[in-house]
Amino acid sequence: MSKRIQLVLTQDIIKLGKSGDLVEVAPGYARNYLIPKSLATRATPGILKQVERRRELERQRQLELKQQAEAQKAALEKVDSFTIAKQVGEAEAIFGTVTTQEVADVIQQIAGLEVDRRGITIPDISKLGTYEAEIKLYTDVTAKVNIQVVAS
């Protein structure tokens, strides 16, 4: 069995690893494919230090993003409820539906926070009333807000 070579990936490679990962591969794979296509470089002490420094900076950036998400969650939960006005038909049924974009716009107007509409989960709203929506702000930071649908 031939010796394996340690490389540091410079790009994400499916089934091998992400950029900056230290991987061990067969010498032929490294020599004939990864190194000529600049997908990886040989693992030297200097490159390993650079990779570790980049990882630390990325970890600090992720921590900062999580702290911002926690602050946004606290600000969202301070507001009692958000009100959305819709046209109403018979039996308090609304025309159309309440969309995640409408919820994001109302949050922007009232709380002054910019929330990605793709992170908002709302129940099926077809009548007037109060509903609870979940807003995913970060990987494990989720805020719950009340949405009150009223007649316009």
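**Note on salt bridges and buried contacts**

1. E58 counts as partly exposed, at 34% relative accessibility. Buried means under 20% relative accessible area, exposed means over 50%, and partly exposed lies in between (1.4 Å probe, protein chains only).

2. This is a predicted model, in which local features need pLDDT of at least 70 and side-chain atom pairs count only at pLDDT 80 or more, while totals for chains, interfaces and linings use all residues. Residues are numbered from 1 along each chain as its sequence is written, and side-chain values use heavy atoms, leaving out hydrogens and water.

3. E58 pairs with R61 in a salt bridge, with 2.8 Å between the closest N and O atoms. A salt bridge here is a side-chain nitrogen of Lys or Arg within 4 Å of a carboxyl oxygen of Asp or Glu. The two residues sit three apart in helix α2 (residues 45-78), so about one helical turn separates them. R61 is partly exposed, at 43%. Helices (H or I, at least four residues) and strands (E, at least two) are DSSP runs, numbered from the N terminus.

4. The structure holds eight salt bridges. Another joins E102 to K86, the closest N and O atoms being 3.0 Å apart. This pair links distant parts of the chain: E102 is in helix α3 and K86 in strand β4 (residues 81-86), 16 residues apart. K86 is buried, at 12%.

5. K144 bridges to E132, with 4.0 Å between the closest N and O atoms. Again the pair links distant parts of the chain, from strand β7 (residues 141-151) for K144 to strand β6 (residues 129-138) for E132, 12 residues apart. K144 is partly exposed at 43%, and E132 is partly exposed at 47%. Through shared partners, salt bridges join E132, E134 and K144 into one network.

6. In helix α1 (residues 27-34), the buried residues are P27, A30 and L34. Seen down the helix axis they fall within an arc of 115 degrees, so they line one face of α1. The arc is taken over the directions from the helix axis to the C-beta atoms. Their cover includes β1 (5-9), β2 (22-25) and β3 (40-42).

7. L113 lies in the loop between α3 (100-111) and β5 (120-121). L113 is buried, at 17% relative accessibility. Beyond its neighbours within four places in sequence, L113 contacts (heavy atoms within 4.5 Å) Q72, A75, L76, I107 and Q108. L76 is 37 residues from L113 in sequence, yet their C-alpha atoms are 8.2 Å apart.
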